[in-house]
Amino acid sequence: MLTFDILTLFPAMFVGPTTESILKRAQQAGLIAVRLHNIRDWAADRHRTADDAPYGGGAGMVMKAAPLAAAIRATVGTETPPVILLAPDGERFTQAIAQELAQLERIVLVCGHYEGLDERVREALITREVSLGDYVLTGGELAALVVLDAVARLVPDVLDAASTAEESHSDGLLEYPHYTRPAIWEGRPIPPVLVSGHHGEVAKWRRRERLRRTLVRRPDLLARAYADGHLTRADLTYLAELGWAAG
Ligand code: ADE
C-alpha cells in the first residue's frame, strides 16, 4: 500500500481525478491511499491566512512559512517520507522518478501556489522538488495529480504487469502502434503480420516499430537507450538499415 499525502490550498481540485477510473479502483482495492490536507487548516489567525506580500516588494503573494510548515510537520509525523514540492524550478519529472517513487510506502506532495513559498520552508522541510516541464502552471495541484497518476499506475496490481512492461518510456523506447477491429477501417488495413498467428513475427514487428518510431520522433531517446544498454544486436542491425548510426 502506497499512501499519498497531498498538502494543498485547493483540495477540491483533486475530486474527480482521484475519484474516477483507475485511481478510484486502486483505492477501493487498498493498493493506494490518497489523503488530502488543506494547508489553511494550520493557519493560526481567524481569517486563516496562508499567504502574504513578498519582502522586497514585487507582484504576487508568497505562501507563509508557519501554516505550511505546521501542515507538513503534522502530516509527516514521526516517519521520514520524501516531502516533494511541485514547482517549475524543480528537477524534471520522468518515468524513472515515477518508478523510484512507486517503490515507497508513503509520499508527501506539497502544492505550491501564488508566486511561490517562503524559501525557508523549502530549506527546512522540503526534501525534493519536481517540475513537470518548462512551463508555468497556476499552482502545483495539476502537477501533483500528474505525479500521483504516473506513480500509482506503477504500483503492483494497479494495472496488470504486462501493460506497463513494454510501454513508452519504460525501457527508453516509444510504444508500438495498436489496432483493434475492424481489420479495414475507411480503406485502411491493419498490418497483416498482426493476424498471421506467428507470435514471434508479431513480437519482432512490434520491436521494430518501437525502434522506428523512436528514431523518427525522439532520436534523443534512442541515443539514451543505446547508452543505457537497452538495444540488442538485432536492434542495431535494424536501425543501421534505417540509416541510424550509434554514437
Ligand atoms: N507549479 C507551477 N508550474 C509547475 C510545473 N511546471 N511543474 C510543477 N509544478 C508547477
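A nitrogen atom of the ligand lies 2.7 Å from a polar backbone atom of Y135 in this predicted model. Polar contacts of this kind are pairs of N or O atoms within 3.5 Å; within protein, one must be able to donate a hydrogen and the other to accept it, and residues adjacent in sequence count only if both atoms are side-chain atoms. For a polar backbone atom of L132, the distance to a ligand nitrogen is 2.9 Å. For G133, again at a polar backbone atom, it is 3.3 Å. The protein buries 97% of the 260 Å² that the ligand exposes when taken alone. Accessible areas follow the Shrake-Rupley method with a 1.4 Å probe; for residues, only the protein chains shown count as cover.

The model is predicted: local features require pLDDT of at least 70, side-chain atom pairs count only at pLDDT 80 or more, and totals for chains, interfaces and linings use all residues. Residues are numbered from 1 along each chain as its sequence is written, and side-chain values use heavy atoms, with hydrogens and water left out.

The shell around the ligand consists of L86, A87, P88, V130, S131, L132, G133, Y135, V136, L137, G139 and A143. Nine shell residues are nonpolar, three are polar and none is charged. Here Ala, Val, Leu, Ile, Met, Phe, Trp, Tyr, Cys and Pro count as nonpolar, Asp, Glu, Lys and Arg as charged, and the others, Gly among them, as polar. β5 gives the most, with three residues. Helices (H or I, at least four residues) and strands (E, at least two) are DSSP runs, numbered from the N terminus.

The chain is divided into domain 1 (2-161) and domain 2 (180-241). These bounds come from an automatic or database domain assignment. The domain centres, taken over C-alpha atoms, are 37 Å apart.

Most residues other than glycine have a negative phi, and most peptide bonds are trans. R181 and P182 are joined by a cis peptide bond, with omega about 10°. P182 is in the loop between α6 (161-165) and β9 (184-185). S21, in helix α1 (residues 21-28), has a positive phi near 55°. D157 also has a positive phi, near 80°. Its place is in the loop between α5 (141-152) and α6.

Terms used
A residue is near a molecule or strand if one of its heavy atoms lies within 4 Å of it.
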